[in-house]
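Please walk through the structure below, starting from a single aromatic side chain and ending with an entire chain.

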Amino acid sequence: MNNARRAALPLAAALLLGTTAACSPGAGSSDSAGGGTFTTIDGNHPISAGAPMNPFNAAGNTFLGYDTMQLGFTKKNPQDPNDFFPGLARSWKVTDSSITVELEPDAKWSDGTPVTGEDVRASMAIALTQGSATVGAGLLTQGLDVAEVKETAPHTFEISQVPGAKNVQFPRLVLTQKIVPASVYGSLLPADVWDVIHASQSADPGRADAAKAAVDRLNEIGKKVSAFAPAKDVSAGPFVITRVNPGSAVLDRNPHFFAAGKIGPKQVVVRNYTGNEQIWSYMTNGELDAAPFTAIPDNVLQRILKAGNRRVDAVNYVDAAIAFNQGVAPFDKVEVRQALAHVIDREAVTKVGQPVGGTASKATTGLIDKVAEKWLTPEQQAALDPYRHDEAKAAELLQRAGLTKKDGTWHLPDGTPWTLTLQTVNGFSDWIAGGTVVANQLTAFGIPTKTALTADFSTYKKEMADGKYPVGFWLTALGPGTDAAFQRLYGADDGFTAIGATVTHKSGQGSGNWLNTPTSFTLDGATVNPGELTAKLTVLKPEEQKEIVQQLARLSNQQLPVIQVWDYTNVQFVNDKRFTDFPKSGQDGLLSNSPGVWMMQGYVQPKKK
Amino acid sequence: MTVTFPSVPAAPRPSSRRARTLRVLTRRPGRVVGLGIIVLFALLAAFGPLLYPGTIAVDPEAVYAPPSAEHWLGTDFAGSDVLQEVVVGARYVLLTAAVAALVAAAVGTLVGLVAGFRRGLADSGLMRLTDFVLTLPGLPLLIVLSTLWSFGSAFQMGLVLGATGWGGVARAVRAQTLSLRERGFLEAARGLGLPQRHILLRELLPNIAPYVAMNLLLSVIGFIGAEVALFFLGVVPFSSENWGVMLNQAVFSGGVMSSPEALTYLLAPLTCILLITLGIVLFMDAVDELFNPRLRERS
């Protein structure tokens, strides 16, 4: 994604969005006698010269897991959305309507003052000013609908959900909010902020105007919060920012951190970068102790490994797919989508698009392969159509859809030659490279295809929502939760909205529905609505989701609203030259978090000389 | 009063003109080399795509392959032949630059001639327009325009580049015209009551033609740089055989700064751009002599 960096941006977003996988708890020495400077980059954003040290600022110079803390850090466990590494919360208890959190009793800010319930309460209120606030229950991806933060015992707080709401992701949303000191941020909130929040959450149609006005006020407060520039960093994390230069940020160990004994490095330096090529350069020069996921070609990978870096892989709950706007002919015909799936050789596309960080998708199910394997029975997996590269089968399907081949090119049923534009995004180097191969394969098959680039991802999303692209690359299977994954196919982009228990569907101009999947299908003799099934997943516990997940996975495999091309692998690099005890490949939960979280678990200790 | 007409040599016959041109071209070896390079790239632009009909093949098993008998310049990020991409891509790059240079030269010359010769209100109006064009930030404007216009065709791209790049020519041509209009031969032409069109096209234009021709050739270099920059920045349609896209992919996807595997992929379009620049610079020496009457007289 600048160019190559942006390839990693949607993945970084995916990492932040999702919940995550289990892994073993702490390892390594808990002795903090060591020191040394740990050098890395922040995969979510480069250093922004002059930006405030404010985690709510879009370009803010704060670093999650180092100086910015949450109550917990997700392990991205697909079977348990509430599986977390402890952060400022020592423990938590989840009920249907609330989560009770016990804070670390020794948690302190870097100025020596204790972390209190007031900090948590202020942080939750701030979170609700940052675009999470919605009128009523909101969209399928429900907002953080915190109704109250109440102290029930010393260091213990009950955070309750809006009455009537039932969102299986509520604990995850609460635990992953950034906790900031009320002494610094509290003055930005009006005294009646919780009254405004309650007014914004009203589902009473008679109070809709008041709710709207409250949401507007929250958004105004939110703007003030995000523009705020604290005079200095006050951190409850293992490090605190000492200085930020255009080239790097320097963070020193926070002596007041409640688990300071586990933290190996004395200092962390977060380097700035302008693009992937600069990150590659840092690594080939052996300058980084750890580097997060970066889109990378095989030739550069070899150089990085040769420079003494070690590759660590973890599962990544996202894949790259080719999505269709079924409102545009001939993509409304399932045979056409299936034919294209047979023409596209996913192995070849992946080798070019994501040779290092990608694995060709085995089958389209709406989930990445590793998650699909956990949810589907072996019989169901065997029954999935893998849409192998088979041009004869593709030709047969196109003919069945009424298309004809003349003079080596395919023509639509009305006789016009069929040409295709595959849309992708400037700077998304993996999509561009993969798209080049797809275009080549389709053109060779008789469908003249060219790739086209949109200037940036935000324009891409907007134009996609406006239905401007019949075919384009898209990120799907965003997980690890199945509800989040299927919302990529049967959520807002497909016109579905859930208000309370009622699921509504919209299509046409301005609806945001660009996938235009039909609203009902026959599966095993029964009529199913994919949007309604997906909405149900958001309120069901994982153990109750199995039947719906299986239905949606099979439906997606038959109907192909998208063709999944490759599953991403979270490829990271560590360097053992200065530090040791890094997480290993397969420790998916840890590796989905920043090295700051690794350190809190006792990993990353200075190498003994 | 005696009116003195400048001594204009009699127009040479076609055969002697050809001989003189040949003599001028061969006077220095650099001129022949320059012409050879230009002809080579012109031939590539004209016939290159015909050498490789159809789409450029990809080979996922040979990504960034080194130069070999099969792939003289190696392969790119998709295993496509770099030589083939350079040859096929020459047409877009050169056609765009040629169209842009012609548009800039034609518009700039016309505006400069009229403004300098007519003076007064026409001069003021045209020069304010020229100033406006000169103040347009070229590359940023093109980046903005690229969000509205796809620039898929070389003519479109050339027209836009030319339409935003004629200001400098107009200013210079006006200055030359102002200087020439006070010369005796133009005063005589005006005194004889010759029509303005005749004076502009037959008296003024031949005298500024050397400058315009040189500027046209130089602007080809500038326009190649501008369009390649746009593609390098990735703000215009992706086409794997475009030279700017090749540079972009070599740097941002191939990691040429960290690893030499993509070096030929980077150097191939870069060398082509350098060769064209060299060819034009060397050839310009001959053009100057061919068009400039004073140099011609000395020859």
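A:Phe228 counts as partly exposed because its relative accessibility is 22%, where buried means under 20% relative accessible area, exposed over 50% and partly exposed in between (1.4 Å probe, protein chains only). This is a predicted model, in which local features need pLDDT of at least 70, side-chain atom pairs count only at pLDDT 80 or more, and totals for chains, interfaces and linings use all residues. Residues are numbered from 1 along each chain as its sequence is written, chains are lettered from A and ligands numbered from 1 in the order in which they are written, and side-chain values use heavy atoms, with hydrogens and water left out.

Rings of Phe, Tyr and Trp (its six-membered ring) pair if their centres lie within 6.5 Å; planes under 30 degrees apart count as stacked, over 60 as edge-to-face and the rest as tilted. By this rule there are 28 aromatic pairs over all chains. In one of them, the ring centres of A:Tyr185 and A:Phe228 are 5.3 Å apart and the planes stand at 75 degrees, so the pair is edge-to-face. It links distant parts of the chain, 43 residues apart: A:Tyr185 belongs to helix 4 (residues 182-185) of chain A, and A:Phe228 to the loop between helix 6 (208-227) and strand 10 (239-244) of chain A. Helices (H or I, at least four residues) and strands (E, at least two) are DSSP runs, numbered from the N terminus. A:Tyr185 is buried, with a relative accessible area of 4%.

A:Phe257 and A:Phe258 form a tilted pair, with 4.5 Å from centre to centre and 45 degrees between the planes. A:Phe257 counts as buried at 4% relative accessibility, while A:Phe258 is partly exposed at 23%. Ring pairs also link a cluster whose members include A:Phe293, A:Trp431, A:Trp514 and A:Tyr568.

Next comes a helix of chain A. Helix 10 (residues 346-353) of chain A is mostly covered, with six of its eight residues buried. Among these are A:Arg346, A:Val349 and A:Gly353. The buried residues of helix 10 of chain A pack against helix 9 (334-343), strand 15 (358-360), helix 14 (429-445) and strand 25 (562-575) of chain A.

Chain B has twelve helices and zero strands. Its C-alpha atoms fill a box of roughly 85 × 45 × 30 Å along the principal axes. Of the 299 residues in chain B, 45% are buried.

How values were computed: Contact means heavy atoms within 4.5 Å.
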